[in-house]
Every structure is written in structure tokens, then in C-alpha cells.
Amino acid sequence: MDADGAVRWLLRWAPRVAQDDLPLLVKELAPGLGATSILVYLVDYSQTRLVPLLPGAGVRRAAKPIDGSVAGRAYSTGLVHQEGGRVGRVWVPLAHGGDRLGVLEVNTAGRPGPEVRAASIAVAELVAQLLLTRQPQGDLIERVRRREPMQLAAEIVWGILPPLSFTTDRVQVAGVLEPCLDIGGDAFDYALNGDTLSVAIFDAVGHGNPASLLATLAIGAYRNARRTGLGLVDAARSVDKHLQAYRAGVFVSAVLAELDCTTGALNLVVAGHPAPLLLRQNKLVKEFPGPSALPLGLEHMSPVAPRFISEHMQPGDQVLFYTDGVIEARTQDGEFFGLDRLVDFVTRALADRLPLPETMRRLVRAILAHQHDQLQDDATAVLVQWRGPTAAAG
């Protein structure tokens with residue numbers, strides 16, 4: 001069976017199976033590809049392990065660490081990796097639209113040839129799509145991705161977040177949210193409509209369920225304003241209005257941004273939030289000016305209307321959005337992670353040509369290591385790269 005035949009077979013049978021049956025369906029494809037077995041591994045919420053999606057597959061596999069395994073290298077780099085000699089194993093990234101889901105393991109009795117490799121890549125692309133379309137229809141995928149029970153506050157926020165990463169030929173977005181299982185009010189959102197990329201990051205006051213509900217309200221109000229067609233300043237006012245109506249005194253710090261993917265024009269409303277950073281050629285170009293508005297929910301306390309900050313990006317530029325939990329992570333001795341360390345880490349990772357999603361994954365690991373895996377506040381960041389008006393895909 002060639003790549004086209006494998007894809008046609010999956011397209012024929014996939015609509016007839018439920019989420020729990022996907023591992024078995026993928027396994028049944030193996031003989032047609034000249035493989036002995038095919039298995040799906042999903043990335044866990046902490047992005048530290050690749051966990052086998054095994055129900056019904058009739059095999060045993062242990063989770064693979066992302067750092068220090070061939071499977072992990074395939075996930076981290078987004079490239080196909082191969083191991084073994086006469087008995088081969090091919091690791092193919094599972095990704096769709098830049099959203100990294102895990103890897104596909106393809107085992108062969110002999111050294112895999114180019115036909116097996118090509119068919120494995122084609123199958124992985126379709127399996128990634130199947131995982132995304134089936135995810136809302138059952139709980140198997142969610143259970144596999146969790147190392148421990150998720151707190152309700154985290155369940156609320158993760159249920160409304162967009163994919164952590166997104167890629168087109170003109171723009172790339174990569175986000176992280178940590179801790180992943182017990183959240184204190186951080187969230188982010190993005191959407192590409194025509195030539196305009198909208199990005200927002202939020203930090204709701206408080207912790208636990210109240211903060212998660214507040215962040216959810218802020219994202220819902222932001223999406224409503226965006227879909228209604230409101231401009232950046234009016235969208236900030238709309239979110240502010242809904243937060244005031246919800247409960248007096250609550251607030252959410254935020255940055256709302258719009259990027260014209262044709263011209264590179266960037267507009268920001270910085271509402272009582274750490275200002276984003278502009279990076280160019282692996283160097284910090286500028287920290288955007290401080291707040292241009294009060295935190296959302298408190299606009300009535302200021303006689304000055306919200307305003308936006310403008311910047312013109314160059315092809316290849318990145319903008320880093322982050323919450324205060326990133327730079328305020330601290331050691332037992334009280335040493336903060338700090339802005340300088342944040343800039344140094346991200347610029348070095350970009351200089352090493354790491355994919356943007358991998359840069360953000362490693363940033364979270366560095367923050368956790370700095371605070372001995374015990375964050376006192378959410379650490380959330382979003383990195384946006386404008387690739388240019390006519391950038392080639394890839």
C-alpha cells in the first residue's frame with residue numbers, strides 16, 4: 001500500500017469509529033505499509049512526556065521522555081527521526097496547522113525504505129486531523145494526556161484555550177501555560193481573520209475557580225467583541241464593561257494586540273499588564289511602553305480613555321507576550337527569574353533556530369527549574385513571529 005492508498009483507507013474507515021477505537025484502526029493499517037506495528041503517542045499537558053494511546057491496540061509501551069529520547073527529538077524538532085538497523089523504527093511528528101499533538105511510531109521488520117517513510121508521513125498527517133476532530137467526542141485523549149487529576153480551575157481554562165501553536169506562511173504563534181493542572185487566572189487567545197492576527201493575554205485577579213471564571217469571562221467578552229467587528233480600543237472597553245457588570249472591583253490585566261500580516265503594522269492595548277517585548281535578529285529591540293489603559297474592569301476609575309500603541313514589524317520579528325508569573329518566579333533565596341533572564345533565554349533559543357513552540361516549551365522548563373518545580377503563580381507566555389507578507393511556507 002502506498003501513501004495515497006493508506007490515506008484513502010483511513011478516510012474510508014475513520015468516520016465509522018469512535019475515539020476509543022482510533023488506536024486499533026491505526027494499528028490495522030500496519031501490514032499495508034509494510035510495518036509490524038503502528039502506535040500513537042500523545043504529548044502530556046506538561047509537555048515532558050509522550051504517552052502511548054493504547055486502548056484496544058493489544059501492545060504494551062511505556063511513556064517516552066521528550067528530553068533524551070528519539071521520539072522526543074521528533075516531537076521537539078518537527079522532523080522525522082529513525083532508529084535501529086535491520087529492525088527499524090520511524091518516529092513521525094503528529095501536528096496539524098502547527099499544533100503539536102505527539103508522534104507516530106512505525107515499526108518495521110527490516111530497515112524502512114523511502115516508501116514506508118513517505119507513507120508514514122502521509123498517515124501521520126491524517127491521524128493528527130482525526131485526533132483533533134475526535135477529541136471533543138470522548139475523554140480518552142484527555143485522560144491519556146493527564147499525569148494526575150486536573151483541578152476544576154484548570155479544566156475551565158484549558159477548555160476554552162486555542163491550540164498552543166499555530167502556523168501559516170505569514171505568521172506563527174506559540175503559547176504556554178504553566179502550571180497546567182492547577183491554574184491561577186492566566187489565559188490567552190488568538191485568531192487569524194483575513195490579514196489580521198488578533199492576540200490577547202490575560203491575568204485575572206485571584207486564584208482557583210474564581211480567577212478561572214473571571215479569565216473565561218474575559219476571553220468570552222474579547223471574542224464577542226472581536227467577532228462583532230469592534231476595533232482594538234472598543235474591544236478593550238467592551239471587555240471592561242462586561243467585567244464591571246459581572247462584579248464590582250474585579251479586574252483582569254491584559255494585552256490586546258492586532259497584527260496586519262500584510263504590512264507588519266502592530267497595534268497594542270496594554271491594560272495594566274507587563275508590556276510585550278519586540279525581538280529582531282535574536283536581539284531585544286525594545287520593551288513596549290508601559291500601560292496604555294487600566295486593567296480591564298477598572299476603566300471607570302480613570303479619566304483617560306484607553307489608547308493603543310503602534311509599531312511596525314519587520315519580516316522575521318517576534319513579539320513576546322508574558323504574564324508577571326514568568327519574571328517573578330523565584331528561587332528559595334528570593335532571586336527572581338527576571339526580565340533579563342527571560343530575554344536571554346528566548347534570544348538564545350531563537351539563535352539556535354529552535355521552532356517557536358519548542359522555544360516556549362523549554363522556557364517553561366527553565367522557569368520551573370528556577371523555582372524548583374513549585375510555581376507560586378501562573379507562568380504564561382505567547383510568542384508571535386511575523387514571517388513577512390509573502391513568506392514561503394515551511
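User: Hey, which residue in β3 is the bridge partner of Leu-50?
Analyst: That's Lys-64. Keep in mind that this is a predicted model.

User: Okay, and how do the strands β2 and β3 pair, parallel or antiparallel?
Analyst: Antiparallel, over two bridges; β2 covers residues 49-52.

User: What's the strand order in the sheet they belong to?
Analyst: The order is β3-β2-β1-β6-β5-β4, an open sheet of six strands with antiparallel pairing. β3 (64-65) and β4 (81-84) each have a single partner strand, so one side of each has no neighbour in the sheet.

User: Which strands does helix α4 touch?
Analyst: Helix α4, residues 70-77, packs on that sheet and touches β1 (37-43), β2, β3, β4, β5 (88-96) and β6 (99-108). The direction of α4 makes about 140° with that of β6.

User: Switching to helices: how do α8 and α9 pack?
Analyst: Their axes are 9 Å apart, at an angle of about 140°. Helix α8 is residues 208-228 and helix α9 is residues 232-246. That angle makes α8 oblique to α9.

User: Is the crossing left-handed or right-handed?
Analyst: The crossing of α8 and α9 is right-handed.

User: And which residues make the contact?
Analyst: From α8, they include Leu-214, Leu-217 and Ala-218. From α9, Val-239, His-242 and Leu-243 are among them. By class, this contact has ten nonpolar residues, two polar ones and no charged ones.

User: Now the sheet with β7 in it. What's the order there?
Analyst: β7-β8-β17-β16-β13-β14, which is an open sheet of six strands with antiparallel pairing. The edge strands are β7 (165-167) and β14 (283-287), and each pairs on one side only. From one strand to the next, the twist averages 15°.

User: How many bridges are there between β8 and β17?
Analyst: Eight, in the antiparallel sense, with β8 at residues 171-178 and β17 at residues 379-386. As an example, Val-176 has Ala-381 in β17 as its bridge partner.

User: Which strands of that sheet does helix α12 touch?
Analyst: Helix α12, residues 356-370, packs on the sheet and touches β7, β8, β16 and β17. The direction of α12 makes about 25° with that of β8.

User: What about α11, which strands does that helix lie across?
Analyst: Helix α11, residues 338-351, lies across β13 (277-280), β14, β16 (318-322) and β17. The helix runs at about 35° to β13.

Definitions and conventions
Residues numbered from 1 in each chain as written. Predicted model: local features only at pLDDT ≥ 70, side-chain atom pairs only at ≥ 80, totals over all residues. Heavy atoms only, no water. Axes fitted to C-alpha atoms, helices over the stretch in contact; angles between N-to-C directions. Helix = DSSP H or I, 4+ residues; strand = E, 2+ residues; numbered from the N terminus. Parallel < 35°, antiparallel > 145°, perpendicular 65-115°, else oblique. Left-handed = near helix turned anticlockwise from the far one by under 90°. Contact = heavy atoms within 4.5 Å. Nonpolar A, V, L, I, M, F, W, Y, C, P; charged D, E, K, R; others polar. Pairing = 2+ DSSP bridges.
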